[in-house]
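Hello,

Here is the structure we talked about. Please have a look, then read my notes below.

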Amino acid sequence: MALEKGAQEKAEFLKGTLDMLILKVVAAGAIHGYAISQRIQQISKDFFQLPQGSLYPALHRLEERGWLDAEWNDTATGREAKFYKLTRTGRKQLEAEMLHWEKLSDAVALILRTA
Amino acid sequence: MKWLRRFTERALSEKRLDSELQFHLEQRTADYVTEGIPPEEAHRRARLEFGGVERFKEECRETHWENQWDILVRDFRFALGSLRKDRRFACAAIFALALGIGASTAIFSVVDNALLEPFAYKDSRHLVTLHLRDLDQADDWRGLFLYDEFQEFSKKNDLFDGMVANLQEDVVYSADENSILLAGNYVTPGTFEFYGIAPFLGRSLEAADYQAGAPPVFVMRYKTWVIRFGANASLLGKRFNLNGVPRTLVGVAAPRFAWGGAELWMPRPPGELKITRSFDGRQYWGVVAHIRPGVSLKQAAANLNVIAQHFSKVYPKDYPTHFSIEVESFTHIVTPREFRRALYLFSAAVGLLLLIGCANVANLLLARATTRAKELAVRAALGASRLRLVRQLLAESSLLAMAGAVLGILLAWAGVRTIAAVLPDFTIASETVIEMNGAALLFAVAAGVCTVFVFGLAPALKASRCNPEEALRDTGKGLSGAAAGVGLRNTVVVAEVALSVALLFTASLFVRSFVALQRVPLGLQTDHVLSARIPLPPDRYKTGAQLQSFFGPLLERLKSMPGITYAAESTTRPPYGGIRSEVEVSGRAHSDKWYTLFQLCSEDYLSVLRIPTLEGRRFTEAEVKDARRVAVINQTFERRYFDKEDPIGRKIQLDLLRDFPDAVKEPQFEVIGVVTDARNRGLTEPIDPEVWIPYTVTGSAMRGLLVRTTNDASAMIKTVAREIWAADPNVAMAEPNTLDYFLDLFTFAQPRFGLWIVGMFAGMGLLLAAIGVYSVMAYNTARRTHEFGLRVALGAAARDVVRMVLRQGLRLLVLGMVVGLGASLALSRIITNQLWGVSPYDPMTLGGVAVLLLLIGLMACWVPARRATRVDPMTALRYE
């Protein structure tokens with residue numbers, strides 16, 4: 001029970017940071033949804049146990065906010081896919097969030113080390 | 001223009017969304033296939049990892065602004081469906097909300113209009129009126145003053161920075177064959193500037209109009225101009241023949257200006273003024289003053305008292321032995337003291353009504369949240385996001401709030417209209433406009449709507465935040481922490497019941513008092529009687545003989561007409577009798593002053609009113625014609641001043657007659673008869689001594705007409721008017737109407753209004769209490785569904801469950817009733833002076849109210865109790 005609750009709390013917490021991760025992945029260049037999900041799983045070594053589909057509402061939300069721009073292009077295999085890329089405001093947002101995150105993790109790390 | 005295209009190409013965007021997600025699934029499947037997994041298994045795994053496709057599609061759609069409208073519509077449709085499923089709840093909540101909003105707004109609007117903002121005058125907070133009070137009798141001696149007094153007051157006073165006076169006058173407007181009577185007012189210089197009201201049309205009266213030799217002018221009241229003269233603007237500057245003087249209409253006053261209840265205002269010229277409408281030949285002016293800011297009413301009164309002391313020596317007859325001048329705030333004059341207190345009490349009750357309405361709505365919403373905790377948990381478990389749940393509940397709350405607010409506004413509107421319609425004349429100032437108070441409405445609606453949202457959403461947030469699994473596993477106790485609110489909710493119900501008892505009790509007292517009032521024996525018969533004042537031009541009708549030349553032939557002709565049985569001249573209108581005078585009775589000495597009412601009338605007066613003779617006889621037509629000094633007295637006069645001696649043949653002396661302009665030198669009258677007592681100071685006051693003498697002994701005093709008809713008296717008004725016109729074209733009837741109408745207006749209208757208001761309150765209080773009891777009992781039984789199921793499973797009969805629920809409800813009811821009865825007994829002291837013929841501690845009324853409330857309360861408990869018995873034990877237990 002306690003464990004279940006812990007897992008759920010983790011999921012809630014990660015939902016908030018998912019946006020930042022997406023922005024970070026997209027920052028590397030135009031990329032489609034499936035590739036983003038593969039990339040996040042790859043980098044995080046399967047830490048995120050979210051259903052893959054939950055990525056899409058997040059992508060659409062970021063696009064709606066103007067942080068991502070989308071375009072339909074052919075993939076290497078010739079199939080048409082939706083490619084996302086970072087807008088200027090999206091890049092600013094990413095920088096702001098990364099700065100905020102670094103400050104927070106530094107502070108937490110400092111407390112953990114010294115306290 | 002990209003955004004517009006998105007809106008128009010929603011089908012395309014839908015296709016693209018599908019294609020995007022499909023792409024993901026295809027790629028994942030393809031990757032698995034390359035890893036060597038058979039295609040079917042690969043597809044299965046891809047789908048599993050992806051999660052619910054439709055759900056994510058929906059979530060994607062929700063982020064797109066162009067879909068917001070559809071989502072909103074869907075939410076509302078869903079909310080409507082879910083409210084329709086729980087119709088009883090929805091109706092109760094909407095009704096409670098509407099009632100709270102409607103009732104509080106309507107009553108507050110009336111109180112505000114009638115008491116707080118009755119006049120549209122400049123700085124009306126500092127306006128005051130003056131009264132002369134008899135300290136020995138604790139009686140209002142008079143609120144009117146002689147012109148000399150007024151001048152002295154305004155000259156020798158530095159605590160006021162303005163003072164005006166008005167004098168009522170009957171004005172006959174003669175135009176060709178039709179003479180109509182208008183209520184006029186003479187006003188003193190500066191009146192219109194004093195009230196600070198700009199004219200609607202033309203101009204107000206100006207300083208020059210009051211000068212000696214100025215051309216006669218007048219200003220008309222807006223309402224009169226509209227109703228009597230068809231709002232004809234071309235009348236401005238036209239000359240009207242008023243009381244035989246051609247006067248020019250110079251302006252129409254602002255719509256809300258109606259000072260003195262007048263239909264037209266004329267400037268008072270300097271020097272002596274002659275008027276038609278005079279009680280005893282003297283002129284009494286109403287005085288209004290503007291008090292200097294910072295000066296208290298007491299200071300002002302003390303100042304005036306010094307001047308009045310001086311006057312009491314000059315005019316000893318116009319002052320009682322011990323007196324004081326009282327200064328009263330302007331707003332206080334429009335509503336009698338008792339009525340005002342009742343209204344303040346009502347406003348407090350209004351606040352309570354609104355509060356209770358909101359508390360009921362909160363209770364209902366909490367009850368519903370409890371029963372729905374599971375539904376919400378299931379939906380959360382099925383993947384509905386918190387946003388979705390909140391939005392759905394938001395939609396439900398909005399629907400409830402909207403319906404409640406709309407219905408509430410309608411109720412408020414209807415309430416204001418109803419109260420304005422039943423409000424009797426002369427209860428409030430004629431300037432007062434009863435209309436809806438926007439601020440009050442806004443406040444009530446805001447309070448109601450906030451309640452709905454707060455209590456509609458709080459459980460939603462809670463439900464969506466808590467772990468679905470936990471909620472599903474819950475044994476039906478619902479939201480954690482709900483139990484903590486039980487005490488508060490029960491308190492609300494007890495308070496509701498208590499308030500409802502107090503209101504019902506008050507209302508019943510008013511009803512009983514009203515019934516008692518209508519059963520008062522008048523001692524005279526008011527049905528089939530036509531009554532009117534007859535103002536006569538003072539220059540042509542100065543003496544008794546001149547009066548006789550008008551009334552004699554007129555009465556003669558009226559009596560001979562079909563449909564009329566008796567016609568008489570009279571001074572005042574029953575059940576108010578005559579002129580008050582000091583009286584002496586020959587052969588009887590006394591140290592205190594003796595007073596009596598006397599009536600100047602013709603021989604048919606007692607017959608018109610069917611007052612029977614006890615001893616002796618009445619005076620005859622011949623005696624009236626010759627102005628013989630004969631008198632008929634009532635029983636009270638005989639009892640009080642003759643003390644068992646035989647009054648017939650004795651002499652009485654009416655002192656006041658000596659002071660009339662057409663004075664009676666030796667006003668001694670021989671008593672020739674005694675009649676039974678009839679009410680002469682209204683219905684509720686004790687009967688005073690009264691004397692009837694021939695009207696021809698003097699030409700002074702106001703005159704009127706009383707006519708007994710065989711059929712509907714009001715149908716004879718035109719006939720009588722024609723006869724009067726035939727007798728003298730310059731005379732018109734004032735206020736012709738049936739005696740029953742006046743009786744109703746002056747006697748029953750105000751109690752009936754009180755009855756109406758209190759009755760409305762009591763009805764609403766009862767309804768709200770019923771809804772309150774119902775909502776709390778519904779909530780309590782919903783929380784105990786599981787327990788009831790268990791009990792039924794263990795063999796409890798439906799009857800036992802019902803009894804359990806009823807007992808719980810009964811406890812609240814009885815507690816509320818005890819508190820309410822205590823409060824009513826404490827309150828009833830306040831309304832004692834508005835009651836008549838019923839004790840404020842009437843045990844019958846108390847018992848009746850208790851029984852009624854108990855029945856309604858138990859009925860409100862019955863519904864949830866019945867529902868509790870219908871719980872299927874298996875369903876209730878399977879929740880475990």
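What percentage of the 115 residues of chain A count as buried? The answer is 23%. Keep in mind that this is a predicted model.

Chain A first. It has four helices and three strands. Along the sequence they run α-β-α-α-β-β-α. Take the contacts in chain A between residues at least 6 apart in sequence: 49% of them join residues at least 24 apart.

Now helix H4 of chain A, residues 88–114. From first C-alpha to last, its 27 residues reach 39 Å. That is close to the 39 Å expected at 1.5 Å a residue. H4(A) is hardly covered, with one buried residue among its 27.

Next, the contact between the chains. Here 18 residues of chain B meet 16 residues of chain A. On the chain B side, three helices each supply at least two residues: H2 (10–34), H3 (39–50) and H4 (53–63). H2(B) gives the largest share, six residues. By class, this side of chain B has seven nonpolar, seven polar and four charged residues.

Last, helix H23 of chain B, residues 785–793. Its buried residues are Thr785(B), Phe788(B), Gly789(B) and Val792(B). Why do they sit on the same side of H23(B)? Because they cover an arc of only 105° around the axis. The general rule is that an α-helix has 3.6 residues a turn, so residues three or four places apart point the same way. Just after H23(B), Gly795(B) takes a positive phi of about 110°.

Best wishes

Notes
Residues numbered from 1 in each chain as written. Chains lettered and ligands numbered in written order. Predicted model: local features only at pLDDT ≥ 70, side-chain atom pairs only at ≥ 80, totals over all residues. Buried ≥ 20, exposed ≤ 12 C-beta atoms within 10 Å, placed from the backbone. Arc of directions from axis to C-beta. Expected span 1.5 Å × (residues − 1). Contact = placed C-beta atoms within 7 Å. Nonpolar A, V, L, I, M, F, W, Y, C, P; charged D, E, K, R; others polar.
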